[in-house]
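User: Could you walk me through how to read a few features of a protein model? I would like the general idea each time, then the case at hand.

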Amino acid sequence: MANDDKTRAAAFSQIRQFGDPVLKEVSKPVEIDDELRKLIDRMVIIMDAADGVGLAAPQIGILRQIIVFRLDKDLNVLLNPKITWKSEETIVDAEGCLSLASLAVDVERAKEVKVEGMDLEGNHRVYEQEGIKARILQHEVDHLEGKMVIDRCSREQRKDLMGRLRKMRLPGED
Ligand code: ZN
């Protein structure tokens with residue numbers, strides 16, 4: 001169920017938006033401590049309040065290799081994630097981003113991926129996913145490398161997206 005506008009707006013006020021230079025930076029690995037646990041709690045609250053399915057730490061201005069995401073509603077936390085395998089087969093599909101006001105563009109992604117990292121208990125975790133789940137993982141890992149969907153879509157899609165963003169930022173001037 002979607003959150004009300006006020007809840008969503010409060011969450012978005014904490015999410016860095018396209019144009020913020022922090023979104024182009026590369027994140028550093030993390031170690032588990034209480035501060036990290038607190039940060040992750042905060043990330044999950046923001047992701048859920050924004051009706052997102054994934055959030056990477058740089059999106060709230062923290063350049064650390066942390067992603068939180070939901071697969072079939074189950075919450076996942078992955079630290080220092082790396083894509084260790086990608087299928088050659090790709091799929092083009094619409095993909096939104098909380099740092100682009102949730103606007104979607106068509107992005108080509110590997111159909112299947114293997115992503116490895118660490119959970120909050122320090123266990124090594126391996127995710128082998130396909131389709132939309134593989135897409136979510138690739139999207140969030142991209143954020144840790146300073147990449148966004150806008151870097152991966154076609155020129156036409158980018159133009160269209162920029163137009164839509166401009167309209168949102170300049171209401172009444174269209
Ligand atoms: Zn994103």
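Analyst: Happy to. Let's begin with accessibility: a residue counts as buried under 20% relative accessible area and as exposed over 50%. Keep in mind that this is a predicted model.

User: Is E88 buried or exposed, then?

Analyst: E88 has a relative accessible area of 80%, so E88 is exposed. You will find E88 in the loop between strand 3 (74-86) and strand 4.

User: Thanks! How do I read a metal site, and which residues coordinate the zinc ion?

Analyst: Look for donor atoms within 2.8 Å of the metal; water is not among the atoms, so sites may look incomplete. Here the zinc ion is coordinated by SG of C97 and by NE2 of both H139 and H143, at 2.0 to 2.2 Å. Along the sequence, the spacing of these donor residues is C-x41-H-x3-H. C97 sits in the loop between strand 4 (90-96) and strand 5 (104-110), while H139 belongs to helix 3 (residues 131-144), so this pair ties together parts 42 residues apart in sequence. C97 counts as buried because its relative accessibility is 2%, and H139 is buried too, at 7%.

User: What about aromatic pairs: how many are there?

Analyst: The idea is to compare ring centres and ring planes; planes over 60 degrees apart count as edge-to-face. The count here is one aromatic pair. F69 and Y127 form it, edge-to-face, with 5.5 Å centre to centre and 65° between the planes. F69 is in strand 2 (residues 66-71) and Y127 in strand 7 (residues 124-130), so the pair links parts that are 58 residues apart in sequence. F69 is buried, at 0% relative accessibility, and so is Y127, at 4%.

User: And the nonpolar core: which residues have the most contacts inside the largest one?

Analyst: In soluble globular proteins, nonpolar side chains tend to be buried together. The largest nonpolar core in this model has 20 residues, and I40, M43, L55, I66, V68 and L79 have the most contacts inside it. Helix 2 (34-49), strand 2 and strand 3 each contribute at least two residues to this core, with helix 2 giving the largest share, eight residues. Leaving aside residues up to four places away in sequence, I66 touches a list of residues including V30, L36, I40, L55, L79 and L144. There is also a second, separate core of 14 residues, with L71, L78, A134 and L137 among them.

Terms used:
Residues are numbered from 1 along each chain as its sequence is written. This is a predicted model: local features need pLDDT of at least 70, side-chain atom pairs count only at pLDDT 80 or more; totals for chains, interfaces and linings use all residues. Side-chain values use heavy atoms; hydrogens and water are left out. Donors are N, O and S atoms within 2.8 Å of the metal (3.2 Å for Na, K and Ca); water is not among the atoms, so sites may look incomplete. Helices (H or I, at least four residues) and strands (E, at least two) are DSSP runs, numbered from the N terminus. Buried means under 20% relative accessible area, exposed over 50%, partly exposed in between (1.4 Å probe, protein chains only). Rings of Phe, Tyr and Trp (its six-membered ring) pair if their centres lie within 6.5 Å; planes under 30 degrees apart count as stacked, over 60 as edge-to-face and the rest as tilted. A nonpolar core is a set of buried Ala, Val, Leu, Ile, Met, Phe, Trp, Tyr and Cys residues joined through side-chain atoms within 4.5 Å. Contact means heavy atoms within 4.5 Å.
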